[in-house]
Amino acid sequence: MNCYLSRNYRSSAYAGAKAKIDIEQIMQNLGFKNVGMKQTNYKGVVTAFFATLASMASAPFHLKRGDILVLQYPLKKYFKIQCRLAHARGAKVVVLIHDLGSFRRKKLTIKEEIEKLSLADYIIAHSDRMRDWLVGHGCKRPIATLGLFDFLSETSAPERRDVPKKPYKVMYVGGLDYGYNAALYEMGKNAKNWSTILYGAGFQPEKVTDGCNIDFRGYINSDDLIASPGADFGLVWYGSSKNGCEGIIGDYIRYIAPHKTSLYLRCEVPVIVWRGSGIADFVTREGVGIAVDSLDDIEEILGNMSTEDYQKMKARAAAVGKKLSKGSFTTAALSAAVKELGGEG
C-alpha cells in the first residue's frame with residue numbers, strides 16, 4: 001500500500017494559500033508521493049487551468065488497488081473525477097477540508113456538498129462542530145477532526161523572559177476594512193487593562209471610536225510577526241458586531257479552525273476567540289487562551305487575570321505553537337486516516 005497526495009496547480013494569484021502548501025510539505029515529509037506534477041505558480045490563468053486539468057486527469061492512473069489518495073478540498077470541478085477514477089483503480093480517498101462551498105461562498109447547496117464529500121472514504125474536518133454539522137446533514141463517511149491547521153516556518157518565536165504588565169497588548173492580524181471588520185474600530189473603548197495592535201491593510205483611522213487605544217502598525221509578513229509579535233494575546237474575530245461574529249461569516253466561524261488562530265499560537269501567544277466559534281472548545285480545553293461572548297468582556301477578564309495565570313496560559317500556547325511548527329496536527333490526522341483505511345499509521 002502506498003499513500004499519495006494529489007497536487008492542484010494554481011496561478012500566481014493563489015500563491016498565498018499557505019495552509020495547503022504546508023500540508024503538502026508535511027505529507028511529503030511523511031513519505032507521501034505526489035501523483036500530480038511539480039508545484040508551479042503560473043502567471044496566466046488559462047495556462048494554469050490547462051496545467052491543472054492535465055495534472056488532475058493523469059493523477060489517478062498512478063494508483064493501484066489498496067493505495068490511498070489524499071485530496072485537499074475543495075478541488076472545484078475536478079473533485080468528483082479524482083474520486084471516481086481513484087475508486088475505479090481500487091484506491092481509497094481521504095479528503096481534508098479547507099473550505100465548504102455551501103457556507104461562505106454559497107457555491108453549492110448543502111445537499112450538493114454532502115453528496116460530493118460522500119464520494120470520499122474518510123473525511124478530516126476542522127473541528128468537532130464541523131464534524132457534527134456534516135453528520136447532522138447526512139454525511140455517513142468516517143469523519144475525524146484536525147483541530148488546528150499546522151503552520152510551518154523556520155523562524156522561531158522569541159523566548160520571553162520578562163513578565164508582561166497591564167495593560168496587556170492584544171493584536172489582530174488581517175483585513176482591516178471597516179465594512180468587513182467594523183467591530184475592530186470600537187475595541188477597548190476606555191479600557192484600562194488592554195490596548196489594541198492592528199496589523200494589516202485597509203485601515204481607516206477616521207472610523208475609530210473615540211476613547212479606543214489602537215496602535216496601527218501596517219502590513220507584516222508571518223515570519224516577521226513570529227520573530228517579534230509585540231503582543232500578549234492574539235484576537236480571532238470577524239464582522240461588524242462586538243457581541244459575536246454575525247452574518248454569513250459568523251455562521252461559518254461556528255465550525256471552522258481559522259488559520260489566524262494557528263498564526264497566533266505559532267507566535268506562542270495565547271488567543272482570544274468568540275465563544276460561539278468552532279475553535280473555542282479547543283482553546284478552552286487546551287488552556288491556550290480565553291473565549292468571550294463579547295469584545296466588552298475582555299476588559300474584566302484581563303483585569304482579573306493574575307500574572308501566574310497568564311504565564312501558564314502562555315506556556316501552553318508555546319507548547320502548541322511548537323507542535324504547529326512540526327506539522328503535528330496534520331501528521332496525527334493523516335496517520336489515523338491511513339490506519340482506519342487499512343494501512344499503517
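Visitor: Which residue in β7 does Val94 stand opposite?
Guide: This is a predicted model, and in it Val94 stands opposite Tyr122. The strands concerned, β6 (residues 92–97) and β7, pair in the parallel sense over three bridges. Between them the chain passes through helix α4 (residues 110–117), in a right-handed β-α-β crossover.

Visitor: Are the faces of β7 covered or open?
Guide: Both are covered. Tyr122 and Ile124 are buried on one side, Ile123 and Ala125 on the other. In general, side chains of a regular strand alternate between the two faces of the sheet.

Visitor: Other topic. What is the strand order in the six-stranded open sheet?
Guide: The order is β11-β10-β9-β12-β13-β14, with parallel pairing. β11 (214–216) and β14 (289–292) are at the edges with a single partner strand each, so one side of each has no neighbour in the sheet. From one strand to the next, the twist averages 25 degrees.

Visitor: And how many bridges between β12 and β13?
Guide: Three, linking residues 233–236 of β12 with residues 271–274 of β13 in the parallel sense. Val236 stands opposite Val273 there.

Visitor: Which residues touch the most other members of the largest nonpolar core?
Guide: Ile97, Leu100, Leu134, Met171, Phe233, Leu235 and Leu302, out of 104 residues.

Visitor: What is Leu302 in contact with, beyond four places in sequence?
Guide: Its contacts include Phe233, Trp194 and Ile290.

Methods
Residues are numbered from 1 along each chain as its sequence is written. This is a predicted model: local features need pLDDT of at least 70, side-chain atom pairs count only at pLDDT 80 or more; totals for chains, interfaces and linings use all residues. Side-chain values use heavy atoms; hydrogens and water are left out. Two strands pair if DSSP finds at least two bridges between them. Helices (H or I, at least four residues) and strands (E, at least two) are DSSP runs, numbered from the N terminus. Axes are lines fitted to C-alpha atoms, for helices over the stretch in contact, and angles run from 0 to 180 degrees between N-to-C directions. A nonpolar core is a set of buried Ala, Val, Leu, Ile, Met, Phe, Trp, Tyr and Cys residues joined through side-chain atoms within 4.5 Å. Buried means under 20% relative accessible area, exposed over 50%, partly exposed in between (1.4 Å probe, protein chains only). Contact means heavy atoms within 4.5 Å. A crossover is right-handed if, with the strands pointing away from the viewer, the path from the first strand over the helix to the second runs clockwise.
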